[in-house]
Amino acid sequence: MARGTNQPSRHKGMSYTKFGYLFIAPFVIVYCLFSLYPLLTTFWYSGTVMQSTQAAFWGFSNREVYYDRYLDLTKIYDSFDGGLEGQTGINTTDYKNMQAYFAAQNKADQYDPIDPEALQYIVDNSDISEATRAKVQQVIDTGDISYIASDADVIAELSDWSSNYVDLGITIINSLGKVNNAAMTAATVAESDSDSGEDAITAEDILTSDQYASFLDTLQTGEFDEGQTLLMNYLADKAGVASLYDFFAAEDVSVESDMYYYICANLDSPNAVYTSEEGETSVNAVAVPFMADLTAYLNANVWSTTVPAINSYSEFQNYIDGEIDLHSDEEQLYADLETLNEMGLIVPCVQLVQEGDALVPSSNVANNILAAMRQYIDSNYQSDEIKTNSVLSINALNNYLNDQGRTRLVDAGFDVDSYITFNGDFDVNKYIEFKSLIGLGDVLTMARYEELDQQMRDFYSEQAQGNLETAQGKLPDAQAAYDAAVATGDEEAIEAANEALSRVNSEITNAENTIKRPSGILEKADSSTEYLFVGMNNFSEIFGNKYRFNVVAGAFYTTAVMWIIGFIPQILLALLLSAWFTDTKLKLKGLSVMKALMYLPNVITAATIAIFFRRLFSYSTGDATSAVQMLLDAVGHERINFFINPWATRLIVCFINFWMWYGNTMIVLIAGITSISESLYESAQLDGANSFQTYTKITMPLLRPILLYTLVTSMIGGLQMYDIPFNLNQYPSLVAFNGTYIKCSQTVLMYVNQLAFGKSSIKQVGIASAVSVILFILTTILSILIFFMMRDRDAAAAAKAKKLARKAGGNR
Amino acid sequence: MSSNDVKLRSKSGSIAAYSALVYIVVIFFAILAIIPFWYMFMNATWDSYSIQSGIKLWPNFAHLGEQVKANWAYLSNRSTFSFALGFKNSILITVSSTALTVYFSALTAYGISVYDFKGRKLIFTIIVGVMMVPTAVNITGFYRLMGSMGLLGTRWPLILPAIAAPNTVFFIKQYLDTSLSKEIIEAARIDGANEFYTFNRVCLPIMVPALATQGIFSFLGSWNNFFAPSILLTKQELKTLPLMVSMLYGDRYTDYGAIYIGLSASVFPIIIAYAFLQRYIIQGVSAGGVKE
């Protein structure tokens with residue numbers, strides 16, 4: 001019987017083992033596809049540069065449409081004999097019409113002018129004429145923009161309506177744009193200055209100009225209202241002179257001095273803010289025609305010193321690019337303004353209050369700028385999101401209508417609006433219709449593109465062949481010159497010769513590469529989604545470029561600091577609580593309920609918790625405020641804007657991490673302690689050991705593996721920190737790190753996310769992947785390091801514990 | 001004798017004082033753990049002005065129903081937050097990914113535990129090893145892969161990878177090693193059952209306790225997931241609840257009552273589930289720590 005059952009089972013057992021592969025196959029396949037392969041490709045991407053993300057790919061069937069859109073044949077073929085027409089047989093006018101179509105479509109894509117909700121708002125709430133209202137309603141109903149696009153009166157009325165709406169967000173973005181232009185001007189002036197020196201306004205020019213004379217005249221004889229007089233007196237007092245006239249007319253007045261700049265800035269609107277005792281009156285500029293030129297001068301000369309560091313400038317550029325969104329909380333806007341101010345990008349201003357006959361700075365010095373900003377925001381800010389959208393919608397519509405591409409097509413007699421799609425999606429069919437209308441349907445085909453591509457490849461290949469021959473001809477001379485230089489031993493000569501030699505060598509390499517892979521027109525268009533392998537360039541960019549290095553190192557530093565500061569109290573409290581919870585002498589009741597409550601935060605969505613804490617700590621100066629600010633009021637402390645202070649923001653993140661995770665750690669430790677053999681404790685008790693001794697001599701050593709596990713898992717999780725800092729403050733204030741401004745709570749993953757998936761139009765996938773790879777390597781090294789460090793000690797500790805146990809057993 | 005008595009009494013006295021101290025600390029932290037949620041729920045019943053002018057630790061008894069309704073209506077009017085939609089999306093993703101995780105992890109763990117095939121030790125070692133790999137580092141590669149597979153803008157990138165969950169495989173395998181007797185499988189084979197029938201009908205029911213625990217953790221992990229969805233789900237109609245909650249931030253036209261009711265709504269289902277399942281969850285956490 002036994003034999004009977006055994007034999008088939010053994011026989012079958014052999015074949016059964018194969019089922020193992022079947023059973024684990026789904027796991028292995030999915031893991032390789034969805035985890036391992038992406039990990040490897042991330043490594044690959046870390047060595048690549050993505051050339052451009054302008055192009056979106058919409059499938060092979062419309063590949064020629066894709067090339068139509070992204071190839072500018074006029075540019076490519078300018079360098080060829082006979083131009084576009086001669087080389088390709090394409091009528092230049094038709095081709096330009098097609099380009100105009102795309103330009104108009106791009107505008108339409110960019111702004112998505114028909115936002116039904118926003119337009120509906122105009123219909124429902126604005127005081128526009130009935131005719132216009134009806135037309136807007138038609139646009140909403142039909143989705144066809146031409147009802148209003150073709151009617152200049154309607155557009156004029158809508159533009160008028162939108163220009164009467166003041167939105168601080170838009171205002172600030174606009175004024176930042178102006179500031180940026182000024183900075184650009186400054187850069188241009190500085191450049192032209194170094195060339196000719198004729199264009200730049202010099203201090204001498206200002207002081208000797210007629211306008212300056214009339215400015216002095218205004219100061220001496222002009223009539224000013226009370227507020228202006230007070231302001232002028234205040235500034236004169238600050239400059240240590242009797243009157244502003246004295247200051248500006250003095251022999252030794254220097255246009256470059258800080259005080260000169262300060263006074264001018266405060267005389268110029270809207271930086272002079274003044275609060276009288278009765279109410280609030282803002283003091284406008286002392287009206288002098290001279291100011292316009294002065295501003296130009298200051299822009300030219302001050303910007304070059306105010307924005308010395310390229311990183312500050314690029315950070316500032318982010319504001320203008322919209323990477324840092326000014327359209328969030330009012331409170332955040334406020335913080336952004338202060339950040340800009342910290343960066344020296346906003347002209348300093350003080351809040352002045354009247355005391356007797358004089359203006360003095362408000363006693364609340366620290367908040368002076370904030371107070372002024374606050375006042376400005378409060379008096380100008382209108383909280384109406386939909387209305388803002390409506391205005392943006394109208395602006396976008398205007399942009400589209402004024403687009404040069406569209407105008408061109410309208411002038412040429414095309415009903416362009418009916419071929420454009422306004423919902424943000426490019427409609428291939430509409431485009432193809434248009435293309436055949438202008439007669440390019442049979443001209444711009446895939447076959448044609450391939451033909452052109454081949455022509456171009458041949459051309460470049462031939463050109464490179466010529467270059468190669470020239471370079472190879474130069475090589476022997478360069479080599480000989482280098483050898484001769486080495487023979488003389490003159491270091492400078494060697495260096496120069498070496499440079500020349502390597503130049504020739506790189507010319508040869510370049511030419512050889514081009515011959516091997518000449519680039520055609522299609523490659524140029526395709527390269528928008530192509531990853532160019534650049535070896536270790538991304539890593540040398542990270543480690544070689546001081547700015548980039550500081551931002552990356554800063555993100556690692558921020559992450560590590562926020563993890564460690566949260567982790568230390570977390571592990572300490574968990575150790576304490578687990579010791580108490582397992583202490584049999586205490587005989588605590590209701591522990592399971594307490595455990596359950598303490599673990600609760602760990603199961604709640606981290607995003608929710610972060611948003612909650614954001615609300616809890618948010619800052620405002622008025623009566624209505626958040627809980628923590630109310631608590632500060634209650635204890636009589638000044639209110640604190642936590643999210644402007646980098647360390648306060650970080651500490652809140654640490655606290656949330658601590659609060660969410662100590663319960664988890666505690667439960668793990670309790671489990672560890674309870675798994676330690678009871679007899680060890682009994683024998684220790686018999687030996688008269690107290691709780692503390694038992695804990696340090698038995699529990700701690702035996703708990704070490706669990707502590708190791710906690711440390712490693714917490715570290716891996718901590719380095720991947722994202723949800724909490726991201727949701728707590730999506731626009732963190734800036735803090736200097738090693739001379740570069742970094743976002744105070746930006747973790748590594750937040751940085752990766754910003755680079756690869758951020759709002760910027762240039763996606764830096766290569767750098768993002770390189771940072772991911774660094775994170776991966778760092779985590780692996782740290783895990784292994786901790787593991788081995790702790791394991792060696794473990795082995796010793798375990799041996800000791802065993803000895804102790806044996807000893808204890810022997811005593812008994 | 002009497003001196004001994006005094007000593008004992010004083011000792012028990014000091015223990016009483018000690019446990020009183022312990023109680024105070026423990027209760028403090030227990031309250032600290034729940035007070036934010038309490039505060040969230042209470043604020044959800046007040047109007048924006050009251051919330052900002054005083055700390056509300058009690059419900060708005062006078063206008064409880066109408067204020068909650070008003071806050072909810074205000075919240076529902078926002079274009080960025082729809083509880084029903086977010087809940088539906090979260091449930092769809094979470095339930096399907098949990099089901100996949102549990103079933104396929106059981107399958108894999110069973111395969112490793114039951115069949116003595118070549119390389120199984122190596123495979124298991126690799127699984128333990130990759131548990132330690134930080135999961136978020138491959139995001140750029142993953143995103144591009146999803147793009148080339150045409151899965152961006154769908155829920156699949158968050159569901160399909162759930163089939164391979166090394167942690168879950170590890171724990172179920174540990175469970176199987178101790179709780180599954182080979183005799184049952186032998187018996188099923190003798191009865192003529194094929195291997196998949198044996199797994200699905202005979203062994204899977206035995207694994208239920210382990211599957212339930214792992215299912216809970218997988219569910220929580222997927223439900224609370226923020227990083228990957230925030231990158232992969234850009235369309236409003238696909239956004240999960242955490243993503244919608246995250247949008248409560250970016251709004252300067254703030255109605256605090258609406259925000260708090262939104263936060264509460266996202267927390268409430270978890271707290272209810274936790275109330276019923278906390279025993280299993282805590283057991284699961286304990287088991288995780290000890291077995292490693």
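Me: Let me start with the term itself: two residues are in contact when they have heavy atoms within 4.5 Å. In chain B, what percentage of the contacts with a separation of 6 or more come from residues 24 or more positions apart?

Reply: Bear in mind that this is a predicted model. For chain B, 75% of the contacts with a separation of 6 or more are between residues 24 or more positions apart. For chain A, 74% of the contacts between residues at least 6 apart in sequence join residues at least 24 apart.

Me: How many helices and strands does chain B have?

Reply: Chain B comes out with 13 helices and 0 strands, and its pattern along the sequence reads α-α-α-α-α-α-α-α-α-α-α-α-α. Chain A has 36 helices and 7 strands. As for burial, 50% of the 292 residues in chain B are buried, and 48% of the 812 residues of chain A count as buried.

Me: Can we look at one pair of residues that are apart in sequence? What is the C-alpha to C-alpha distance between B:Met247 and B:Thr80?

Reply: B:Met247 and B:Thr80 are 167 residues apart in sequence, yet their C-alpha atoms are 6.5 Å apart in space. B:Met247 sits in helix α12 (residues 241-247) of chain B. Leaving out residues up to four places away in sequence, B:Met247 touches B:Thr80 and B:Lys239. With a relative accessible area of 27%, B:Met247 is partly exposed, because that class runs between the 20% and 50% cut-offs.

Another case is B:Asp177, in helix α8 (residues 166-179) of chain B. B:Asp177 is 68 residues from B:Ala109 in sequence and 9.4 Å from B:Ala109 in space, C-alpha to C-alpha. At 41% relative accessibility, B:Asp177 is partly exposed too.

Me: Next, helix packing. At what angle do α4 and α9 of chain B pack?

Reply: The general idea is that two packed helices are described by the angle between their axes and the distance between the axes. Here, helix α4 (residues 83-114) and helix α9 (residues 182-190) of chain B pack at about 95 degrees, with axes 12 Å apart. An angle of 65 to 115 degrees counts as roughly perpendicular, so that is how α4(B) and α9(B) are classed. On the α4(B) side the contact is made by B:Tyr110, B:Ser113 and B:Val114, and on the α9(B) side by B:Lys182, B:Ile185 and B:Arg189. These residues divide into 3 nonpolar, 1 polar and 2 charged.

Me: How do I read a helix with a buried face? Which residues of α22 in chain A are buried?

Reply: An α-helix has 3.6 residues a turn, so residues three or four places apart point the same way. In helix α22 (residues 428-437) of chain A, the buried residues are A:Val428, A:Tyr431, A:Phe434 and A:Lys435. Down the axis of α22(A), they fall within an arc of 120 degrees, so they line one face of the helix. After α22(A) comes A:Gly439, with a positive phi near 85 degrees.

Helix α21 (residues 404-411) of chain A can be read likewise: A:Gly405, A:Arg406 and A:Leu409 are buried. Their arc is 95 degrees, so they line one face of α21(A). A:Gln404 and A:Asp411 are exposed on the other side of α21(A).

Me: Last one: how many disulfides are there over all chains?

Reply: A disulfide is a covalent bond between the sulfur atoms of two cysteines. With a sulfur-to-sulfur cut-off of 2.5 Å, the count over all chains is 0. As for the cysteines themselves, A:Cys654 is buried at 3% relative accessible area, and B:Cys203 is buried at 0%.

Methods:
Residues numbered from 1 in each chain as written. Chains lettered and ligands numbered in written order. Predicted model: local features only at pLDDT ≥ 70, side-chain atom pairs only at ≥ 80, totals over all residues. Heavy atoms only, no water. Buried < 20%, exposed > 50% of the residue type's maximum accessible area, 1.4 Å probe, protein only. Axes fitted to C-alpha atoms, helices over the stretch in contact; angles between N-to-C directions. Helix = DSSP H or I, 4+ residues; strand = E, 2+ residues; numbered from the N terminus. Parallel < 35°, antiparallel > 145°, perpendicular 65-115°, else oblique. Nonpolar A, V, L, I, M, F, W, Y, C, P; charged D, E, K, R; others polar. Arc of directions from axis to C-beta.
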